[in-house]
Amino acid sequence: MKRFYWLLLSSGLLAVRPAQAQTPSSTPGQPPAGSLSAAAPTGPWTLQRAVDYALQNNLTVRQQQLTAELQNATLRQSRAALLPSANLSGTQAWNYGTGLDPLTNDFVSQTIRSNNFSANSQVTLFSGFQLRNTVKRNALDSEASVLDIEKARNDLSLNVASAFLQLVLSEELVRANEVRVLSSQSQVERTQKLLKAGSVAESNLLDSQAQLASDEVNVVTAQNQRDLARLSLVQLLNLPSPAGFEIEVPPLPDPDDQPLLAADPDGTYQTAQSLLPEIKAADLRVRSAQRSLDIARGGYYPRLAFGAGVFTGFSSSRLARVFNGDSTDAVQVPVFQTVGGQPVPSSFFLLQPKQAIPELLPSSFSSQIKDNIGKNLQFSLQIPILNGLQTRTSVQRAQINIQQQELRAEQTRLTLRQTIQQSYADAIAAQRRYLSSRRQVEALTTAYRNAEIRFNNGLLNGTEFNIAKNNLTAAESTMIQAKYEFIFRRKVLDFYQGRPISL
């Protein structure tokens, strides 16, 4: 809410009271303009059109959306951590000189090419529920980040409405000052005629010309403030240039056309507390901190995991026994017969077959891959006993983090309550100030007309006449400021009650 005050202060139209200067702000600072905006629509801009365009192109909202996407990716990763892990690996190496054969474990003095292939899988069976609590915590953080997007959108809508109304106020002040310049010009012309007729003194003409010069300076000042207000709104919309930017102002009722605002900040606070995303996000982060405590306490529990793997390999130095070829000649073996109980050679012979010759040859790649397959299954259990008090420290940090998040949630609610109370007080004060300023304007208008008549008849000097005119000018400016401050504060209260911002 400080933004509206700051805009009024920058134009020199509003004096700060100490209580207002300490009012907590419910909206962030103006986001930076960039070059990523889409083609801007043409024609006069309404408030709703400006808000919609800002929500689509503002860089702060885009950054918050990317932050939410990152948090969602973290959530997906924590869910995937519940699944078993599976990995394939393969290596190829060359060993030169004397070395250890990786498969036979023999020392050999030759160049060896070896390959290793493995497939491994592991799943965590129990880890103190840390994995599941991590999923729950990241789900809360992801939901809170989505609510942060809504908060950024709400803050941007309030900023756009504030800048839009500031531009409307600046344009109305320009028109009011231009009317005063026309009035002063007419007064100078009348005074010149009266001076020629000898009805007034020359000092009256000089005072009128001085007042005209002051009114012209006020017009230039008001135009500069209008241009600055337009630039502020254009930058908030992330438009490339304020050239040709115009707004469409709907008819705005005066505060006296509405009943005096009924003060019910507590009811508005209860409604806003159930609707605003920053309150929900703060509560979600408290629950997330509690899940972090559960994760830290899980470090006290044992960890049980199950793994399985398959291994095979190849070594160029491995040899295999291969029977290759035959013996050189066939051998005749006599057949014996028994005569008188003694073996006696017969005339028959047997031909002994040729014998295969064994050889050691390098084993092929495919046969080694098939023959060297090994499998393993394992359970691993880790029981924490002493780890430098890391788990205990993590638990203590998590407990402190819960307290911090609870304080942040309470501070968010306190800031909301104070902002609503301040908005109610400012709205009522603005409405009352408008009513009193309107009565003051009516009285000073009558006094100004009377002073003008007396001035034209030479019964009032120029200094007193200018004082009467300046008093009327100040009262009109105060009334205009009070009108738009009331409108803005009323829109803020409508927003906290769940109504859309519109004019």
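**A leucine in a loop, and beyond**

Modeller: Happy to! Leu386 sits in the loop between β10 and α10 (390–456). Please keep in mind that this is a predicted model. Is Leu386 buried or exposed? With a relative accessible area of 70%, Leu386 is exposed, because the cut-off for that word is over 50%.

Strand β10 covers residues 374–382 and runs antiparallel to β5, with nine bridges joining the two. One place to look is Gly309, which stands opposite Asn376 in β10. Which other strand does β5 pair with? Strand β5 (residues 303–315) is also joined to β4 (residues 112–126), again antiparallel, and here there are 12 bridges. On that side, Phe126 has Leu304 in β5 as its bridge partner.

Now to the aromatic rings. How many aromatic pairs are there? The count comes to nine. Take Trp45 and Tyr53, for example: their ring centres are 5.3 Å apart and their planes meet at 85°, so this pair is edge-to-face. Both Trp45 and Tyr53 are buried. Trp45 has a further ring partner in Phe245, and that pair is tilted, with 5.5 Å from centre to centre and 35° between the planes. Trp45 belongs to the loop between α2 (18–21) and α3 (47–57), while Phe245 belongs to the loop between α6 (202–236) and α7 (265–275), so the pair ties together parts that are 200 residues apart in sequence. Like Trp45, Phe245 is buried. Taken together, ring pairs link Trp45, Tyr53 and Phe245 into a cluster.

The charged end of Arg49 sits over the ring of Trp45, 5.2 Å from the ring centre. Elsewhere, Arg417 places its charged end over the ring of Tyr269, 4.0 Å from that ring's centre.

Key. Residues are numbered from 1 along each chain as its sequence is written. This is a predicted model: local features need pLDDT of at least 70, side-chain atom pairs count only at pLDDT 80 or more; totals for chains, interfaces and linings use all residues. Side-chain values use heavy atoms; hydrogens and water are left out. Two strands pair if DSSP finds at least two bridges between them. Helices (H or I, at least four residues) and strands (E, at least two) are DSSP runs, numbered from the N terminus. Rings of Phe, Tyr and Trp (its six-membered ring) pair if their centres lie within 6.5 Å; planes under 30 degrees apart count as stacked, over 60 as edge-to-face and the rest as tilted. Buried means under 20% relative accessible area, exposed over 50%, partly exposed in between (1.4 Å probe, protein chains only). A charge sits over a ring if NZ of Lys or CZ of Arg is within 6 Å of the ring centre and within 35 degrees of the ring normal.
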